[in-house]
Amino acid sequence: MNILDVKGRIFDIQKFSIHDGPGIRTIVFLKGCIFKCKWCCNPESQNYDIQEMIINGKSKIIGRDVTVREILEKIEQDRPYYKRSGGGITLSGGECMCQPEFVKALLQVCKENGINTAIETAAGVKSSVIKSIIPYVDTVLMDIKHMNVDKHKKFIGKDNKVVLENAKIIAESTANLIIRVPVIPTFNDTKEEIKEIARFAKSLPGVKKLHLLPYHRMGEDKYVGLSRKYYLGEIKPPTAEQMEVLLEVVLKEGLQGQIGG
């Protein structure tokens, strides 16, 4: 099969993003995820199946199958913006590496065409998948949500053993690895928990940056639209003051920390 004809399943394409990798970027959101984070702001991404979701009282089909060729045509439209800003394409989700054949093909084609590549991932897949995809990635934005196995499993659905192992594999590759921590009250918003993650990040070869992403409830209406329960409805986002305290913890560990993405 021609690499341009490899198919994948997406649910959105967002242009002109400046928060998901260097420069101006086009984000391709893929369907499917191995985790079920209780705070997920894209619950429509978790299931690989094409779904129906009610948005503003109207039914919308979520998910469509596309080829590498179709996506390449889309992102080529914005090449001038990439060139000026150092931007490119970012694959997100869901978990983009749940569709390894499509992701590898798309990233490979982008690299061959001189387009900067990035992925957003929790890296909860087999190490063989990581190793096959990472050679085609310039920047990896990787979530590390918690260091405690039991708490990770309670809030996310699976433990973190594979995640931490894959973080080491990615760090040893040529990709630029940035660690991101979604800060979720009742889950990982204490100084001790953030310090533990920061120390692990600091131990990874070449890792210098850690981004703290404050919890928000902007995806709550999507749960209603999917007839699903939103489990963190009583949780309030962390205050700016709380985030600054946690940022100071990151900085004290010798990392370049920032709030937001």
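This is a predicted model: local features need pLDDT of at least 70, side-chain atom pairs count only at pLDDT 80 or more; totals for chains, interfaces and linings use all residues.
Residues are numbered from 1 along each chain as its sequence is written, and side-chain values use heavy atoms, with hydrogens and water left out.

Let's start with the strands. Helices (H or I, at least four residues) and strands (E, at least two) are DSSP runs, numbered from the N terminus; two strands pair if DSSP finds at least two bridges between them. Strand β10, residues 209-214, runs parallel to β9, residues 176-183, with five bridges joining them. On the way from β9 to β10, the chain passes through helix α7, residues 191-203, in a right-handed β-α-β crossover (clockwise from the first strand over the helix to the second, with the strands pointing away from the viewer). β10 is also parallel to β11, residues 256-259, through four bridges, and L210 sits opposite G257 of β11.

Now, how many salt bridges does the structure hold? There are 11, each a side-chain nitrogen of Lys or Arg within 4 Å of a carboxyl oxygen of Asp or Glu. One of them joins D65 and R9 at 2.7 Å, N to O. D65 belongs to β5 and R9 to β1, so this pair ties together parts 56 residues apart in sequence.

Another salt bridge links E253 and R199 at 3.3 Å, N to O. R199 brings us back to helix α7, while E253 is in the loop between α9 and β11, 54 residues apart. Thanks, everyone!
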